Amino acid sequence: MINLSLKDIAQITGGELIGDGDVLVSSVLTDSRIIGKSSGTLFFALKTTRNNGHKYIPDLLKNGVNLFVVSEKPRDKKVHGILVEDTLKALQELAFYQRRQLQGKFIAITGSNGKTVVKEWLFQLLSTRFKVYRSPRSYNSQLGVALSLINADHGSEVYIIEAGISQPGEMERLEEMIAPDVAVLTNIGEPHQENFTSYEEKTREKLALFRHAEVKVVPADCVPLQKLLLNNFTGYYAWSYHSSYGASVSVMSTGKKSVLTFKGRINHEVSIPYTDRASIENAITCFFTLHASGFDPKEFEIVFSKLEPVAMRMELKQGINNSILINDSYNSDIGSLAIALDFLLQQAGSGKRIKRVILSDIVQSGKKPEDLYDEVNKLLEEKGIDQLIGVGEAISDHAGLFTIPGHFYKSTGDFLKDIDQFHFSGEAILIKGARRFEFESVTEHLAYKVHKTTLEINLNRLAQNISVFRGMLKPETRIMAMVKAFAYGSGSFEVARHLQFHGVNYLAVAVADEGVELRNAGVTLPIVVMAPEMQSLDTLFRYHLEPEIFSFDILDAVIAEAKALGESSYPVHIKLDTGMHRMGFLPEDVDILIGVINDQNFLKIESVFSHLAAADEADKDDFTMEQIHLFEKNAEKIKSGIGYEFLKHILNSAGSERFTDYQYDMVRLGIGMYGVSAAGNEDLKPVGTFKTMVSAVKKVKKDETVGYGRKGVLTRDSEIAVIPVGYADGLARLLGNRTGYAVINGNKVPYVGNICMDLSMLDVTGLNIKPGDEVILFGDEPHINTVAEWMQTIPYEVITSISQRVKRVFTRE
Ligand SMILES: *Cc1c(COP(=O)(O)O)cnc(C)c1O
């Protein structure tokens, strides 16, 4: 927090005042994208190799920011501020000044890995007893440290500041700004990660942080450090895994926790909820830092046992379809990759989750790319990673080096275009990318989003239901999957893509637009449009959709369009009306039909089919057989009339279950595939589960009423659960007033009163139901068939009436 006038800051930074010096400055800004408030904000126009902050000044002025620290004299008269030689230096001068205003104990942490975790864990530990400020996220650079100090709270008892360097000469500057009382080194990684030529140079640079510190915590087992200090740790608080240096530690890991036993300067034991090497080491560093800084580590025992994962570093998230995500898009060197992989393995557990890594180019490694990616591959192999997705020019160029099965994309954008093709499900996924790859969008895409009301579509069941049908059919019989009406309410392209994957032969939609949507989503299977519209015939051809021909009008129009577009032998499907009396050519039309077909070669008959009117009604089986015979006879007639073969088909789901002998070349599956059987086949399982969550539970007294029209009369003191679903979502009003029930925690709970537009009420008396509990509206139980009975309709209407505003969520086991 700052509270200085522009004039003060000009003096602190040694700059030249421009305009009014009495304006008060309350915050500083260096990133033009994150303006909070505008008044009192001082923008430092920083120059880096890639960017120049001065170019954002006009935009900032528009947004109300008018105080600037610049190194180029501004032309705009509205600019007030300070002209300096170097804007970053000026910012650091301000930080230096701010630091001298602060009183508490300063702990500074440096090292190649683990500094952010150590900083965050020290914060978790110390903040249980003291007022602590810590540098935000990974603000550890020349800029980050300056901002951390400028924004530090006054009046904290402990300040924990992270210090990172990437070049020689930087630490001295950081040390001056931070002036730590306690300096901590976590470890020393490879020198060329950070533009150093040798371990010695790098170690020496890091130790610049220790120059004036009273307390210096170091890992004595660190070889470069031993070499530099010639094994003389006098004046250091050195810890080791062996007893040769003052303080030592030993580790025992069992299950999900580790016990750390400290000996020497302090004898004590703590347990931590981690077993990976990096976490153990970070916890040890925290323990010794506490002790060395004069705190009593014994007082923090409980906090140690509950140390939480550090989100800004590696974020563990619930992913889509029961996946887990580990998000570590904060740095991308090979050392941190190894650590992240350990964490991935730990989180993946011993089960059979696929372990996948989404990895960007590794930048600034200082290694030859061949060596680098070879090393990455070895590391992935060693950790037993199953799948890799490489993103970036460099990693793609070295795709050949990888022995792990992988996919490679030149950019994050390219990957995002393809991301849905992967059907991530039940996996453990590590997302690791350098900043500039902006993997946030990848994480966002794969993160599980909570929706209160969903229609959950179980894609495994869809595939299982198809297998059930395959089991009834001859192996060579083709399957046309009906995905009309948004795939019977399930969500068209997700389902279509899954069907394509499971090897169905055809898809069928009602109108051309539905087909276009599938094509745009990357579906390549043949698609039949059952009700082509005269106005959109060119769309059909453009997207290679195959029309159903059900009348002479449509036949003539399709021929004309095919001719105009120069098509020949374009596949079409002829519909015969054998008794349904809806669409199709009647038997008496067939001779003329043959004549028209033989007169042209723009179209080719791909299949001839008919549709059964009552395949699911046993008392009408005689009629069904008549339809089948009529179909057989006329299809044969067409075949001899036109002189070539085509596919024949008449069975829908119910027909496939009940008239299997007449499967001909193909069956057309709809409702059965979505899990509703016409023949009581219990192997077919509903694919969709309509779910929501309890919004509120309230107690209502006997004789009171619930809802519109006072219909829900209570005959006992009751508990009423309110759910955020109504008839506008497709929960039929007919279910109200105890006609139907939902299921919560295995209990059948009846609807009380009328179903409203967006809400409904359930009687949950005595069941200890709480807000947030899951409510099954229908699926297995209550079964879609039961709900259809309550609604006095058929299952088809139940599943297709779920409104589009209900989010479809796809799951795979
Ligand atoms: C919708 C439809 C089907 C599928 O019917 P189900 O009873 O859902 O299996 C089959 N054929 C045609 C022509 C259809 O329109």
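First, the ground rules. The model is predicted, so to speak of local features we need pLDDT of at least 70, and side-chain atom pairs count only at pLDDT 80 or more, while totals for chains, interfaces and linings use all residues. Residues are numbered from 1 along each chain as its sequence is written, and side-chain values use heavy atoms, without hydrogens and water.

Now the cavities. A cavity here is a set of points on a 1 Å grid over the protein atoms alone where a 1.4 Å probe fits but cannot get out. Points are joined across faces, edges and corners, and volume is the space filled by probe spheres set on them. There are 2 cavities of 30 Å³ or more.

Strands β23 (454-458) and β32 (688-693) each supply at least two of the lining residues; strands are DSSP runs of E, at least two residues, numbered from the N terminus.

Where does the largest cavity lie? It lies between domain 4 (458-674) and domain 5 (688-812), because both give residues to its lining. The domain bounds come from an automatic or database assignment.

Last, V775, in strand β40 (residues 774-778). V694 is 81 residues away in sequence, yet 6.7 Å away in space, C-alpha to C-alpha.

Technical notes. On a 1 Å grid over the protein atoms alone, a cavity is a set of points where a 1.4 Å probe fits but cannot get out, and a pocket is an open set with protein on both sides within 12 Å along at least five of seven lines; lining residues have an atom within 4 Å of a point. Helices (H or I, at least four residues) and strands (E, at least two) are DSSP runs, numbered from the N terminus.
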